[in-house]
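Work through the exercises below with the sequence and the model open. Each task is followed by a worked solution.

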Protein chains: 2
Amino acid sequence: MKIYLAGPDVFLPDAMEIGRRKAALCASYGLTGLYPLDNVVDLEAEDASVRIFQGNEAMMREADAIIANLTPFRGPSADVGTVYEIGYMAGLGKLCLAYSNDPSSYADRFAALSARPLTAGPIIDNQGMLVEDFGLGDNLMIIHALEVHGRSLVTPRHPPTDLWGDLTAFEACVRLAADLALPAPSRLS
Amino acid sequence: MKIYLAGPDVFLPDAMEIGRRKAALCASYGLTGLYPLDNVVDLEAEDASVRIFQGNEAMMREADAIIANLTPFRGPSADVGTVYEIGYMAGLGKLCLAYSNDPSSYADRFAALSARPLTAGPIIDNQGMLVEDFGLGDNLMIIHALEVHGRSLVTPRHPPTDLWGDLTAFEACVRLAADLALPAPSRLS
């Protein structure tokens with residue numbers, strides 16, 4: 001089983017090393033990890049961003065599954081590029097798995113970031129817009145898509161000290177993928 | 001042609017009215033707009049968020065196209081729920097159109113939000129992560145997906161006074177959809 005390794009990990013200073021560690025974990029379960037930075041793109045080329053897109057889309061089409069890092073990124077929600085990729089894989093009918101190293105709910109993170117205590121009743125942001133508050137880890141479309149097109153979001157009980165480098169929750173997703181990749185037992189019927 | 005009307009518009013205080021205006025604009029071009037809030041869900045039900053997801057997914061499967069509002073939402077990027085939906089529709093092979101009422105680039109918005117002037121060389125955020133800087137309106141996966149699976153992101157020259165209520169860029173997307181919905185001219189060959 002080939003697994004597309006999605007996440008804002010590609011923006012980390014040790015992006016290549018994280019990719020190597022993720023691919024090695026996949027390999028230890030008999031799976032193949034495909035990491036966006038495995039595509040070699042000349043970042044000085046005028047159409048570099050198009051080539052990155054094309055490489056990632058080709059990888060997703062080649063993959064059987066996605067394991068996405070949905071740890072909140074520059075705000076209360078996951079990285080939008082990663083979220084796009086979960087949607088694309090769900091639409092293609094591929095297996096969608098994801099983790100977040102932050103187990104808090106979207107509404108709690110919104111409250112923390114906006115330094116406003118949660119009060120009874122609907123939560124409204126400073127633009128007058130409703131804050132989704134179903135106790136879910138992120139927008140309901142993402143969270144329930146995982147349940148329908150794969151398995152529930154994996155989160156640790158407490159955020160790890162190394163929010164971006166800790167791969168415990170990632171490895172739990174790899175185990176889920178490995179279990180699902182097992183050939184179905186033959187039926188005697 | 002049925003068009004799924006995606007966007008954080010559903011969180012606005014006048015969410016129902018915006019949906020009505022968008023559907024009316026679609027109708028004026030001979031198209032049918034499907035708005036998430038057209039699905040009636042009992043928000044007091046224990047599984048309300050699952051039902052909202054199911055209603056939205058069914059609408060997307062019924063639709064031929066999506067017009068998504070990618071105006072930045074609670075940070076430098078678009079609403080993740082909307083972005084998930086573009087990915088899902090792209091994976092399903094449907095027509096993907098989108099607009100943002102903010103014409104600035106992701107990198108410029110990041111700089112403005114973090115109150116840091118852009119300097120020469122790579123931009124790094126306060127977590128040490130690289131800020132994507134290709135001059136695009138948002139993450140490259142979204143922007144180039146629109147080009148490949150639909151048409152380029154539509155933006156106004158300047159942000160409108162009413163960032164959430166102005167539907168000029170939305171209407172431009174409706175026109176694009178209407179043009180693409182025309183029956184192809186018969187060929188004499």
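**Exercise 1.** How many salt bridges does the rule find across the interface of chain A and chain B?

*Solution.* Note at the start that this is a predicted model. The rule asks for a side-chain nitrogen of Lys or Arg within 4 Å of a carboxyl oxygen of Asp or Glu. Applied across the interface of chain A and chain B, the rule gives 2 salt bridges. A salt bridge joins the side chains of B:Arg74 and A:Asp125, with N to O at 2.9 Å. Polar contacts between chain A and chain B come to 18 residue pairs, both residues at pLDDT 80 or more.

**Exercise 2.** Find which element gives the largest share of the side of chain A that touches chain B.

*Solution.* Start with the elements of chain A that give two or more residues to this side: α2 (48-62), α3 (80-91), α4 (106-113), β6 (130-131) and α5 (140-149). The largest share is that of α3(A), with 10 residues. Sorted by class, the side of chain A that touches chain B has 33 nonpolar, 11 polar and 7 charged residues.

**Exercise 3.** State how much area chain A and chain B bury between them.

*Solution.* The contact involves 51 residues from chain A and 51 residues from chain B. Between them the chains bury about 4100 Å², of which 69% is on carbon and sulfur atoms. In chain A, the residues that lose the most area to chain B are A:Arg74, A:Tyr84 and A:Met141, together 20% of what that side buries.

**Exercise 4.** Identify the residues with the most contacts inside the largest nonpolar core.

*Solution.* This core has 56 residues, and those with the most contacts inside it are A:Leu70, A:Tyr84, A:Ile86, B:Leu70, B:Tyr84 and B:Ile86. Leaving aside residues up to four places away in sequence, A:Leu70 touches residues including A:Ala78, A:Ile86, A:Tyr99 and A:Leu146.

How values were computed. Residues numbered from 1 in each chain as written. Chains lettered and ligands numbered in written order. Predicted model: local features only at pLDDT ≥ 70, side-chain atom pairs only at ≥ 80, totals over all residues. Heavy atoms only, no water. Contact = heavy atoms within 4.5 Å. Buried area = accessible area lost by both parts, 1.4 Å probe. Polar contact = N/O pair within 3.5 Å; in protein donor to acceptor, adjacent residues only side chain to side chain. Helix = DSSP H or I, 4+ residues; strand = E, 2+ residues; numbered from the N terminus. Nonpolar A, V, L, I, M, F, W, Y, C, P; charged D, E, K, R; others polar. Core = buried A, V, L, I, M, F, W, Y, C linked by side-chain atoms within 4.5 Å. Buried < 20%, exposed > 50% of the residue type's maximum accessible area, 1.4 Å probe, protein only.
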